[in-house]
Each structure stands twice: as C-alpha cells, then as structure tokens.
Amino acid sequence: MRTTLTISLPPETRAEIARAARRRKLSESEFVRRAVQTQLWQDSFEEARRKLAPRARAQGIYTDE
C-alpha cells in the first residue's frame, strides 16, 4: 500500500526534478522515490561503516587505502 507525502520545494528545485525525470523517462514521483531510496541506502551504509570500521582496524583488516 502506498501513502502520500506532501512536501514544499522552491520552484527552481521543482524544475530541476522535472528536467531530470524527463531525461530518465520517469515520472517526477518515481524520480523522487528513487532519490529518497538512494539517500536512505547511503545513510544506512555510512552508519554501518562508522560502526564497523573501528572493529576492522582493530583486527588489522581495514585500511583507508
């Protein structure tokens, strides 16, 4: 089941979304949905990395290289 989230955007941002969605042949809703999903995935990845990197360093299996 889908629900609706209403947000307000500056006109310039809305226009950018419309252009980007058209370039990808997506609806504006699908474009924003994918952008939000990507951001949530990146946030989750970074959180896991912050938690696990110290353990990996302690075991000598992680470097910044």
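Predicted model: local features only at pLDDT ≥ 70, side-chain atom pairs only at ≥ 80, totals over all residues.
Biologist: Where does helix 2 bend, and by about how many degrees?

Modeller: The bend is at Leu-52, by about 35 degrees. A proline, Pro-54, follows within four residues.

Biologist: And what comes after the helix?

Modeller: Helix 2 is followed by Gly-60, which has a positive phi, near 75 degrees.

Biologist: Switching to aromatics. How many aromatic pairs does the structure hold?

Modeller: One. Trp-41 and Phe-45 make up that pair, and it is stacked, with 5.4 Å centre to centre and 10 degrees between the planes.

Biologist: Where do Trp-41 and Phe-45 lie?

Modeller: Both are in helix 2, residues 28–58, and they sit four residues apart, about one turn of the helix. An α-helix has 3.6 residues a turn, so residues three or four places apart point the same way.

Biologist: Is Trp-41 buried or exposed?

Modeller: Trp-41 has a relative accessible area of 57%, so it counts as exposed, the cut-off being over 50%.

Biologist: What about Phe-45?

Modeller: Phe-45 comes out at 42% relative accessible area, so it is partly exposed.

Biologist: Which residues of helix 2 are buried, then?

Modeller: Phe-31, Ala-53 and Ala-56.

Biologist: What covers them?

Modeller: The cover over the buried residues of helix 2 includes helix 1, residues 11–23.

Technical notes
Residues numbered from 1 in each chain as written. Heavy atoms only, no water. Phe/Tyr/Trp six-rings, centres within 6.5 Å; stacked < 30°, edge-to-face > 60°. Helix = DSSP H or I, 4+ residues; strand = E, 2+ residues; numbered from the N terminus. Buried < 20%, exposed > 50% of the residue type's maximum accessible area, 1.4 Å probe, protein only. Bend = angle between axes of the 7 residues up to and from the residue. Contact = heavy atoms within 4.5 Å.
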